[in-house]
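Visitor: I have not looked at this one before. Can you walk me through the side chains?

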Amino acid sequence: MSYIVAPSSQKEYELVDSAAQGTTIQQPSSYINHFSNPIKIKKNSEIALMSAKINRADKFDVRNNAGYYVYLGNELSAKGQLNNETTTPVPYVMTRTENNTLDINQDKVINGGGITSQTPKELVETLDVNMKNLYHPEFRSQGSAGFQIDTSGEPKNRSFGGFKFNFKQNTALATETNASFNPIHPSTTFEDIESASKSASITISASGGSPFPTVTRISESFDDFDCMVMGTDFPLALNDGSANFHIGVNASEGGWQVGMSRPKQVFNQAPSTLKIISERLRQAPPYFKDNGNIFFDWAVRVDEDTKAIEVIQTIVDANGDFTHSEVEYWTGTDANSDFTANATNEVWSGNTYTDVKFTAIGERMLIELYNAKTSKYVKLADCSDPSDKLAKTTKPINQNCFFMYPLIDISKQNASIGLTQYNGRKTFLLTDTIAARTLQYTTSSFYGSCMKGKILGNYGIEAIKDLDFRKVNRINQSKSNASLIGLNASGGVAYSTVMITEHAPNSKSTRYMNPQTNPFAKVFGANATDYLGFSPMSEVPRSIFGSNLLATADSDFHFSSISVPKPYSRSNSFVRINDLPIESYNGANSGISKIIGTIPRFDNSNDEVGSLNFDIANPVYLDLNNTDDIKLNQIKIDFVNIDETLVTDLTGTSVITLHIREKK
């Protein structure tokens, strides 16, 4: 009869450094005991696990890209449809790897993978990074995640009560806003898209003592593309931010177009390069063929021959194809403009009009002309009510237009256009080189991050393509009635918020997770209800659970856990002996195993984290199947999960006691 005490901390492995006392090279979940005097096990013996001592860290066992979705937009009714809204839920994961950083200026919206254990502190850091990277420039860097602490008792007795998700969309808090180019921001950069032909000269001009960037076309060769220049530093602020283009020397007679564009991620983008193939309007933009990334979401164009003022926008036509469409702003009362009395397009006159202004007001895009004779702006096109009127109004600002940049296209030699005023939102750090800035502007978005890392596998690229244009931008809005969102009381865009915490890909569709309108739902599930403390809810809408229920009110609100998530491994553990001829059967793996006993979640004191002691009241003996005596020189101990992977949340020293005896 023999008792074997097998600890993971052994004298021969103790480190010399006294500061590391108790630390050994042996892992608490997998270790070997060597015996200087071999243990003799008589033939026909059996063995049983008598006791175990482990230290289980209070960690969350976050598995398989556990994550959730965040939806910013109009909350859907019970029968609401996501394809009638301008936004779709965006997935966020909670797993982390050793290489993950917590720098909000990195593309870490979705990152990591696999199976990781996180302490509550580590998990709240992960959630905080996600909150700071919410996919909207007005939310970016303002949100946060923290602990929900029970403060009802004395400080020493206060306990972990879950998590608090803080949402803020307040212009007063947006300290990184570049208020305007008056005076010009020192980091402002314009990129000549046709740099190979050196078609543009970009200078700093002054008007009334205020400097602003001016673009002048300097060449007009037969084989040259139009002079096309984009501002790449700051996306347009969506909380009443404006871009004002001043039509300058030699441009008053037409032959130009100005407007707002978005970045397009090029699949095979090389470092420090920006692949561009530009084409004139009214042709199928190369953007739709994935071989270029410059086009106008909204544009004002003055024809060089007719001087007609045209408003062009990129939409989805009745056949579901992406195309450019002209806004018939002059036709009837539905046109939302000051030119509805015209018989056709307004004609540009350099003696009358001097500026074109684009203003983003929540989801509303307003386009105006400055009348120098009356010293007032007049409305050219608007989308105050796009329902069934998209052919006569501008389209809503949808999720894929959250990051828009000013774009100037000049076809007439020596013509100049300046950007006299611009409200931009700084959403990421710029580097020192122009090439790096250009590259950075094409990737600094949720979609760029997702595509760059193929976070959702190859399907991630497919999902980005599907989401790149929302179907709400159809030319015939008969099947789509987008309800436009304005500004809240804090000056931010008045989005409501919904967290989707539980959903399985390809499961029965919900309002927010219909795979037809949310391609991510086909591949990335939400399984965070228990982790985040919202059980049994699968959706957490602001209108019910927010601390401030009204989206148009002040933007500062939060969601708090309604139940206490428990930071522990949610399964039993098992002891496996690798150096003895025992046989057990593991149904989870459908095979023979070396597991000798189980360790419940709760120890003899009913604890489940910290130092745990398990005394086996009724040990089960397993046959060693030894027909001869055995000399045991070492024994390897593993603490494993049901699938026989090593337990990852053990710390300190583990100890088991085994009993070996001759069979009765």
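What follows is a short chat about rings, cysteines and nonpolar cores.

Guide: Keep in mind that this is a predicted model.

Visitor: Fine. How many aromatic pairs does the structure hold?

Guide: There are 17 aromatic pairs in the structure.

Visitor: Take Phe245 and Phe358. Why is that pair called edge-to-face?

Guide: Their ring planes stand at 90 degrees, so the pair is edge-to-face, and the ring centres are 5.9 Å apart. The cut-off for that label is over 60 degrees between the planes.

Visitor: And where in the chain are Phe245 and Phe358?

Guide: In distant parts of it, 113 residues apart. Phe245 belongs to strand S15 (residues 239–247), and Phe358 to strand S20 (residues 353–361).

Visitor: Are Phe245 and Phe358 buried or exposed?

Guide: Both Phe245 and Phe358 are buried.

Visitor: What about Tyr329 and Trp330, how are their rings arranged?

Guide: Tyr329 and Trp330 are an edge-to-face pair too, with 5.2 Å from centre to centre and 90 degrees between the planes. Tyr329 has 0% relative accessibility, so it counts as buried. Trp330 has a relative accessible area of 11%, and is therefore buried as well; the limit is under 20%.

Visitor: Which residues form an aromatic cluster?

Guide: One such cluster is made of Tyr68, Tyr92, Phe165 and Phe534.

Visitor: Phe165, then. What is Phe165 in contact with?

Guide: Setting aside neighbours within four places in sequence, the contacts of Phe165 include Leu127, Met131, Ser144, Met499, Leu532 and His558. Phe534, from the aromatic cluster, is also among the contacts of Phe165.

Visitor: Which residues touch the most other members of the largest nonpolar core?

Guide: That core has 85 residues, and Phe165 is one of those touching the most other members. A second, separate core has 30 residues, including Ile4, Leu49, Ile54 and Val647.

Visitor: Back to rings. Which ring does Arg542 lie over?

Guide: Arg542 lies over the face of Phe557, 3.8 Å from the ring centre. Phe557 is also in contact with Phe165. Elsewhere, Arg661 lies over the face of Tyr621, at 3.6 Å from the ring centre.

Visitor: Is Cys383 buried or exposed, then?

Guide: Cys383 is buried, because its relative accessible area is 0%. Cys401 counts as buried too, at 0% relative accessibility.

Methods:
Residues are numbered from 1 along each chain as its sequence is written. This is a predicted model: local features need pLDDT of at least 70, side-chain atom pairs count only at pLDDT 80 or more; totals for chains, interfaces and linings use all residues. Side-chain values use heavy atoms; hydrogens and water are left out. Rings of Phe, Tyr and Trp (its six-membered ring) pair if their centres lie within 6.5 Å; planes under 30 degrees apart count as stacked, over 60 as edge-to-face and the rest as tilted. Helices (H or I, at least four residues) and strands (E, at least two) are DSSP runs, numbered from the N terminus. Buried means under 20% relative accessible area, exposed over 50%, partly exposed in between (1.4 Å probe, protein chains only). A charge sits over a ring if NZ of Lys or CZ of Arg is within 6 Å of the ring centre and within 35 degrees of the ring normal. A nonpolar core is a set of buried Ala, Val, Leu, Ile, Met, Phe, Trp, Tyr and Cys residues joined through side-chain atoms within 4.5 Å. Contact means heavy atoms within 4.5 Å.
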